[in-house]
Amino acid sequence: MTSEQFEYNLTGKEILEKEFKTGLRGYSPEDVDEFLDMVIKDYSTFTQEIEALQAENIRLVQELDNAPVRTAAQPAPTFQAAAQPAGTTNFDILKRLSNLEKHVFGNKLDDNE
């Protein structure tokens with residue numbers, strides 16, 4: 001949905017500049033102003049969020065349009081393990097993996113035991 005498809009009835013400025021007539025038993029102007037200030041703030045926040053999401057949507061659509069098309073004849077890329085250097089044993093691999101986990105996760109692994 002683009003901004004052209006969505007119609008705004010009011011802008012933050014229109015809300016801010018709205019004047020209400022007071023009557024004999026009317027609302028407190030201070031209460032109305034305080035409430036409208038909150039509405040203006042929310043309205044501005046929602047407008048910014050909508051614009052950010054629309055921009056992100058456009059970016060993602062363009063990214064998708066520029067992505068290479070994969071046919072059924074082209075399998076998805078798969079992970080291929082690197083060949084083991086000569087003399088490497090499973091024990092060496094497990095030891096390296098353990099050291100890597102300690103480096104990445106730190107003491108979190110020890111705390112969970």
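**A first look**

Analyst: The protein chain has 113 residues, and 4% of them count as buried. Buried means under 20% relative accessible area, exposed means over 50%, and partly exposed is in between, with a 1.4 Å probe and protein chains only. This is a predicted model: local features need pLDDT of at least 70, side-chain atom pairs count only at pLDDT 80 or more, and totals for chains, interfaces and linings use all residues. Residues are numbered from 1 along each chain as its sequence is written, and side-chain values use heavy atoms, with hydrogens and water left out.

User: How many helices and strands does the protein chain have?
Analyst: There are 4 helices and 0 strands. Along the sequence the pattern reads α-α-α-α. Helices (H or I, at least four residues) and strands (E, at least two) are DSSP runs, numbered from the N terminus.

User: Which residues form the negative surface patch?
Analyst: Glu14, Glu17, Glu19, Glu30, Asp31, Asp33, Glu34 and Asp37. Two elements each give two or more residues to the negative patch: helix H1 (12-17) and helix H2 (29-66). H2 gives the most, with 5 residues.

User: What's the rule for a patch?
Analyst: Patch residues have over 30% relative accessible area and no salt bridge; like charges are joined within 9 Å, and nonpolar side chains (Val, Leu, Ile, Met, Phe, Trp, Tyr) within 5 Å. Asp and Glu count as negative, Lys and Arg as positive, while His and the chain ends are not counted. A charge is placed at NZ of Lys, CZ of Arg, CG of Asp or CD of Glu.

User: Take glutamate 30. Is it buried or exposed?
Analyst: Glutamate 30 counts as exposed because its relative accessibility is 58%. Glutamate 30 is found in helix H2.

User: Which residues make a salt bridge?
Analyst: Arginine 59 and glutamate 63 do, with their closest N and O atoms 3.2 Å apart. The rule asks for a side-chain nitrogen of Lys or Arg within 4 Å of a carboxyl oxygen of Asp or Glu. By that rule the count is 1 salt bridge.

User: Where do arginine 59 and glutamate 63 lie?
Analyst: Both lie in helix H2, 4 residues apart, about one turn of the helix. Arginine 59 is partly exposed at 43% relative accessible area. Glutamate 63 is partly exposed too, at 48%.

User: Why would side chains pair like that?
Analyst: Side chains of opposite charge can pair when their charged atoms come close.

User: New topic. What does UniProt place at residues 36-63?
Analyst: An unreviewed UniProt entry places a "coiled-coil region" there. UniProt positions follow the numbering used here, feature names are shortened, and annotations may be inferred rather than shown by experiment. In the model, residues 36-63 are 100% helix and 0% strand, with end C-alpha atoms 40 Å apart.

User: Which residues form the nonpolar patch?
Analyst: Leu94, Leu97, Leu100, Val104 and Phe105, with about 500 Å² of accessible area together. Phenylalanine 105 is found in helix H3 (residues 90-105). Phenylalanine 105 is partly exposed, at 45%.

User: Back to helix H1. Is isoleucine 15 buried or exposed?
Analyst: Isoleucine 15 is buried, with a relative accessible area of 7%. Isoleucine 15 sits in helix H1. Isoleucine 15 and tyrosine 43 are 28 residues apart in sequence and 9.4 Å apart in space, C-alpha to C-alpha.

User: And where is tyrosine 8?
Analyst: Tyrosine 8 is in the segment before H1. Tyrosine 8 is partly exposed, at 35%. Tyrosine 8 and threonine 47 are 39 residues apart in sequence, with 9.7 Å between their C-alpha atoms.

How values were computed. Areas by Shrake-Rupley, 256 points an atom, 1.4 Å probe, with all protein chains shown as cover.
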